[in-house]
Amino acid sequence: MSEGKHTGDDVLVSIENLNFNFNIQRGIVKAVRDLSVTIKKGETLTLVGESGCGKSVTAHAINQLNPMPPGVVESGKIYFRDKDLLTLPKSQIEALRGTQISMIFQEPMTALNPVFTIGSQIADVYRTHQRISKKEALAKAVELLDLVKIPSPDERIHNYPHQLSGGMRQRAMIAMALASPEPGLMIADEPTTALDVTIQAQILDLLNDLKKTVGMSILLITHDMGVVSEMADRVVVMYAGRKVEEADVFSLFEEPKHPYTLGLLNSLPSNPKYRGAKRLEAIDGTVPDLLTIGEGCPFANRCGFVKDKCLKEFPEETKISDDHFVWCHHLQQQEGRV
Amino acid sequence: MKDTKILEVKNLVKHFTVTAQGASEQKQVVRAVDGVSLDIKEGEILGIVGESGCGKSTLGKTVMRLHDKTSGEVLYRGEDLFGMKRDQMKDISTHMQMIFQDPYSSLNPRKKVSQVIGQPLRIHSVGSSSEQSDRVEALMEEVGLNPKFKRRYPHQFSGGQRQRIGIARALALDPEFIVCDEAVSALDVSVQAQILNLLLDLQSKHQFTYMFISHDLAVVEFISTRILVMYLGRVVEIADKKELVQKHLHPYTKALFEAFPTTDPRSRIGKKRVVMGDVPSPIYPPSGCHFHPRCPFATDKCRMEYPPLKEVSPGHSVACWEFGS
Amino acid sequence: MEQELLEIKEPTPLQETWYNLKKNKGAMTGLVIIVLFVLMAIFAPLLAPHDPVEQVIELRKTPPFTGGYILGTDDLGRDMLSRLIYGARISMSIGVVSVGISLVLGLIIGVVSAYFGGILDKIIMRIIDIMLAFPYILLTIVIVAILGPSLVNAMVAIGISQVPRYARLVRASVLAEKENDYVLAERALGAGNMELMFKTILPNCLSATIVQSTLGVGEAILSSAGLSFLGLGAQPPTPEWGLMIASSKEFITNAWWIVTLPGIAILLAVLGFNLLGDGLRDILDPKMRS
């Protein structure tokens, strides 16, 4: 259905009908179901959703960091620069990781090696991909730290990760992700969740600047609608393993269509409509268990517009505009009538 | 709103001594709370906001006497909390309660839900065991849990449901004052909204007084009637919510409001942010005003002397030299 | 819908442990061995074909499977099988009693030390360090030497010599556990120190201790055998396995079974406890769970 829609020269990553399961003792967790997403060159695509919606699993399916087993790709394809990543040999995936596909994590401490200085860690990334001397690589590391706005970078390269503050560590992590001759995709998994809000603002600004100067694509994973609104070009809203809405960032915030997206925005106390209010319009109920989830719309049990059809089958795509798609029986019917 | 003070904090100081890891075993002092004074009136929701290391959580726990104080006073309805003997403290726990951040570590994993919620009743020997069991069921209903599940263990519930269990436990003894320490921070957005609604519903039903601690400005702004901003162990600004939201004066408060991501993607275009730099360590707070290294308006005086908290209009106080005289 | 989610029956922690235990072959083997030994100990009078101390001088050193003696007789003509069966009684009680002593003392010392911390903790831990600095067997011998050699004293000695280990283990897990908010929460509810230490924190620290005590029973059996071998534990004619080896070591060349069979009994019992202990460690240690 969405095949051919986003293929073309400007597409960097294309995930097609991905089904990703975790086979655990108690059964099969259907973490990602029938998901198609494309990331264009130079754009920031955001996967947003609450815990367990499958956003991280999707991102990790690209650079194959999901634990396998218990993880299993049930079906689907992931193209990166026209290579099908799921059929590539392990050695080639490893070569892609850190060069063309880099990653920054929520907690940079887990990704930085505590016993090496950040300078040597960045230099090492250079040296694995390019034949340059250690001195040259260190000089490049200084340049990178300067690029990510770490003050006095020529001194900081001699610091160990624990000597840096949380915000500085995240900057160093970003520098490492950039230490490649041809950065293509940066996967940012909740990059600011562990940071204070003033530091978060700095990191978001930095990422936005870098996107322009370096010209890479960012796949941003977040649960925070505020971060989405600060960073995203396009947004994919996920719920319980499914894509429920996809839109450019302005349409999503100004004309949210899916009842879940609406509910999510209404759950934010920062929503301007709550000035002086005493109650939030919360979504009742809880996320369904991915072990026992059926074929219907996963949001059906919490949705105010639920119909019989919603419980039985997952809806087809409804096109709102060229950049705005939604998967909802209720809206399908409405749009059909118009 | 009545104007009776339920809690008075006078120049409260809480320092922790930590031993620095390294070659020289050096003792360092973390100035978590460094001279905080505040009042909480009956029926109000005082929001306390600040970033990590600002001491807001320590303040909440010290006010509950879960930490010892270093100096200063905490008066609960005029009575010195730290002067109380064990029996008096036990009685006080029927008046003040706390709701914790992490719904995973704040419930004893070896206790069934009925035991968790019923524990305060048992400790204070409230009623017979069948009365206690009835009360547990009523409490579960009140916080939106099905009493059928009272024999389950905490790990069998979702994060939001576990937070509801924690709230039920805090309600068991019919307190009048509740400290909510990051009570919704660990929850997903949609669940966070449910819990915020629950807290507000309970407040209007029981006339609770809340001290609501959070790093999330939006949450504090939504729930509070008055807001206090902390930075590195000190109060930098305090005012009624409306006043603070519209006329915040302290450069740090401004920075917080500006840094907070909006839900309007169009506002990000051309947005300029003021604050650079990191939050300094509470072990070595900067001289003078703790905020001066990050403040765009810092003067020599700011670098030398800490500004006192001055009332700039009724109920609105700021600790900044720019508004000091 | 919320109900539906919760309708799924989830096992209690105990059921879950049992479920995981059943899948662990090593632990199950260990458990079977232990159960067999325990049954042997309980029903010794019914199972033993002869009186374990009755000497039939004419039938000394009868080899196994001759003259109605399945496992033969020893140098004084006592039935080996009966002695081994009764020996299970002694070894099992040594294991349980001595581990019981170290467990109770270790738990109390560990919990108190970690809970109150400060100077008290420092003093207790230094004493424990000193105790740990003594070679274990030497410490036991010193205690037995003070109390006098007997089976009961051996149990006490083994028990006391193991206290430091349990105290340290418990202290470490209490230190980690007491940082959890549920401890603060219960303190805010008015719970006293005793309640917090023994009803709130301790039950959450037991898994590591359970593993240690299972392994400890095996070690205690081994130690008591060692003490008896040295003449510091059980006294003749008690059918204690270690003592049986000690008193028959000179026959190893001409009547191998008198020395070997008690050795095999010790080996099996210790193996059983170690297998179960290792299995429990895998199951109960949250870090090993995925």
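I began with helix α3 (residues 113–123) of chain B, where the buried residues are B:V113, B:V116, B:I117, B:G118, B:Q119, B:P120 and B:L121. I count a residue as buried if 20 or more other C-beta atoms lie within 10 Å of its own, as exposed if 12 or fewer do, and as partly exposed in between, with C-beta atoms placed from the backbone. Helices (H or I, at least four residues) and strands (E, at least two) are DSSP runs, numbered from the N terminus.

The model is predicted; local features need pLDDT of at least 70, side-chain atom pairs count only at pLDDT 80 or more, and totals for chains, interfaces and linings use all residues. Residues are numbered from 1 along each chain as its sequence is written, while chains are lettered from A and ligands numbered from 1 in the order in which they are written.

**Entry 1: around α3(B)**

I looked up what the buried residues of α3(B) pack against: α4 (129–142) and α5 (159–171) of chain B, together with α9 (181–188) of chain C. Contact here means that the C-beta atoms of two residues, placed from the backbone, lie within 7 Å. After α3(B) comes B:S125, with a positive phi near 45 degrees.

**Entry 2: chain B as a whole**

I listed 10 helices and 12 strands in chain B. Its C-alpha atoms fill a box of roughly 65 × 50 × 50 Å along the principal axes. Of the 325 residues in chain B, 48% are buried. Among contacts in chain B with a separation of 6 or more, 64% join residues 24 or more positions apart.

**Entry 3: chain A against chain B**

I noted 37 residues from chain A and 34 residues from chain B in the contact. On the side of chain A that touches chain B, the elements giving two or more residues are α7 (166–178), α8 (197–214), α9 (225–231), α10 (249–254) and α11 (259–266) of chain A. The largest share of that side, seven residues, comes from α8(A). By class, the side of chain A has 17 nonpolar, 14 polar and six charged residues. Ala, Val, Leu, Ile, Met, Phe, Trp, Tyr, Cys and Pro count as nonpolar, Asp, Glu, Lys and Arg as charged, and the others, Gly among them, as polar.

**Entry 4: two helix pairs in chain C**

I took helix α5 (residues 80–116) and helix α6 (residues 118–133) of chain C, which pack at an angle of about 140 degrees with their axes 7 Å apart. Axes are lines fitted to C-alpha atoms, for helices over the stretch in contact, and angles run from 0 to 180 degrees between N-to-C directions. α5(C) and α6(C) are therefore oblique to each other; angles under 35 degrees count as roughly parallel, over 145 as roughly antiparallel, 65 to 115 as roughly perpendicular and the rest as oblique. The crossing of α5(C) and α6(C) is left-handed, meaning that the near helix is turned anticlockwise from the far one by less than a right angle, with clockwise being right-handed. C:I109, C:S113, C:A114 and C:F116 in α5(C) meet C:G118, C:L120, C:D121, C:I124 and C:M125 in α6(C). These residues divide into six nonpolar, two polar and one charged.

I then took helix α7 (residues 136–147) and helix α8 (residues 151–177) of chain C, whose axes come within 9 Å and cross at roughly 140 degrees. α7(C) and α8(C) are oblique to each other, and their crossing is right-handed. Residues of α7(C) in the contact include C:Y136, C:L139 and C:I143, and those of α8(C) include C:N153, C:A154 and C:A157. The contact of α7(C) with α8(C) has 10 nonpolar, three polar and no charged residues.

Most residues other than glycine have a negative phi, and most peptide bonds are trans. I found a cis bond joining A:M68 and A:P69, with omega about -15 degrees; A:P69 is in the loop between α1 (55–62) and β4 (71–80) of chain A. Another cis bond joins C:P236 and C:P237, with omega about 5 degrees.

A:K149, not a glycine, has a positive phi near 60 degrees and is partly exposed, with 17 other C-beta atoms within 10 Å. B:E182 has a positive phi of about 50 degrees and lies in the loop between β7 (177–181) and α6 (189–206) of chain B.
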